[in-house]
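Please have the sequence and the structure in view.

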Amino acid sequence: MISVIITGENISGSRITVNEKSDINHLKNVFRIKLDEEIRAVDGEKEYFCKVVSIDKKEIILEIEQIFEDRYSHKVKIDAALGILKNDKMDLAIQKLTEIGINKIIPLSVKRGVAKITEKKDKWDLIVREALKQCQAVKATEIDEVKKLEEIEFEKYDLVIVPYECEEEYTLKNLLRNREKLPERVLYIIGSEGGFAPEEIEFLKSKKADIVTLGRRILRAETASIVVGGILINEFQ
C-alpha cells in the first residue's frame, strides 16, 4: 500500500491534508493516485488507513477509515553509533538500518575515519523518510548530530557492544547467551573504513563496553552495521 508521512498538523477531525509539495508530486505523478484509492499515512506514533477524497494542485485530502497504534517498533530500543563512511556506503547503511528498525543512528567522527564530516547531512533524513515508506513502519529512525566517542551518553544504555577485528575469542553469540536480563536500551558501535584506533578501544573498555568478534572474516563497516543490527533486532524483538 502507498504510504505518506505526515505530522499532527496535517490531521483535522477525520481528515488528513497532504500539502508537502514533494509528496503531492510523488502521489500524483509517480503513483498516479485516484479518488477513492486506499492510502496509508503515518505520523511517528500511529498509522492511518485512508481513502483519497480530493486531489488538487496544492493539496490532497484523505478521509481516515481506520487508526492503529504503532505495531512495528521494537520494545527494546537499539541504537547504532556508526563511524562516518564515504558517500554511498553511509547512505546504504542508513537506509538498511531504518528498514530493520534501528531506533537511532549516531554518526561518529573517529580517528581513522576517511570521510571528514563535522555536521549532520540533510540528505540522511531524506533517506530515512524514503526507507520508512518502503518498509511500512511508523516511527522514523532518528539521525543524531555528528559526535565523537567521548560525547556519547553511555550511561543511558544497559548494554554497549563493540565489534572489533582484533578481538579473537569473545563472540557476539557468547555475549547474548550470557546476559542475565532483557535490556531496555542497547547501543552498538561500528568503526569507519579504517576501524578503531587502539586508544579508542581502551576508552570504550573504560566505559564498560563489551568488545566482541564477528568471526574470522573481516566485514566492511556498512556490512557489519547491518549484520549486527539484524542480529540484535532478532534477539530482542
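S192 touches G83, I84, L85, V110, R112, G113, V114 and A221, not counting residues up to four places away in sequence; contact means heavy atoms within 4.5 Å. This is a predicted model, in which local features need pLDDT of at least 70 and side-chain atom pairs count only at pLDDT 80 or more, while totals for chains, interfaces and linings use all residues. Residues are numbered from 1 along each chain as its sequence is written, and side-chain values use heavy atoms, with hydrogens and water left out.

**Two loop residues**

- S192 sits in the loop between β11 and α5 (198–206); helices (H or I, at least four residues) and strands (E, at least two) are DSSP runs, numbered from the N terminus.
- S192 counts as buried because its relative accessibility is 5%; buried means under 20% relative accessible area, exposed over 50%, and partly exposed in between (1.4 Å probe, protein chains only).
- F31 is in the loop between α1 and β4 (38–42).
- F31 has 38% relative accessibility and therefore counts as partly exposed.
- Leaving out residues up to four places away in sequence, F31 touches I2 and H26.

**Cavity**

- There is one cavity of 30 Å³ or more. On a 1 Å grid over the protein atoms alone, a cavity is a set of points where a 1.4 Å probe fits but cannot get out, and a pocket is an open set with protein on both sides within 12 Å along at least five of seven lines; lining residues have an atom within 4 Å of a point.
- The largest cavity holds about 40 Å³ of space, where a volume is the space filled by probe spheres set on the points, and grid points are joined across faces, edges and corners.
- Its lining consists of S3, V4, D23, H26, L27, F31 and K133.
- Two or more of these lining residues come from each of β1 (3–5) and α1 (21–30), and α1 gives the largest share, three residues.

**Pocket**

- The largest pocket contains about 460 Å³ of space.
- Of the 25 residues that line the largest pocket, P163, Y164, E165, I218 and L219 lie nearest its centre.
- Helix α6 (residues 221–236) supplies the largest share of this pocket's lining, three residues.

**Nonpolar cores**

- The largest nonpolar core has 34 residues, and I78, I161, Y188 and L232 have the most contacts inside it; such a core is a set of buried Ala, Val, Leu, Ile, Met, Phe, Trp, Tyr and Cys residues joined through side-chain atoms within 4.5 Å.
- Elements giving two or more residues to this core include β7 (77–83), α2 (88–100), α3 (122–135), β10 (159–163) and β11 (185–190).
- The most, six residues, comes from α6.
- A second, separate core of 18 residues includes I106, L108, F154 and Y164.
- Not counting residues up to four places away in sequence, I161 touches L172, L175, V186, L187, Y188, I189, D210, V212 and L232.

**Annotated span**

- The unreviewed UniProt entry places the feature "domain: Ribosomal RNA small subunit methyltransferase E PUA-like" at residues 22–65; UniProt positions are given in the numbering used here, feature names are shortened, and annotations may be inferred rather than shown by experiment.
- Residues 22–65 are 20% helix and 48% strand, and the end C-alpha atoms of the span lie 24 Å apart.
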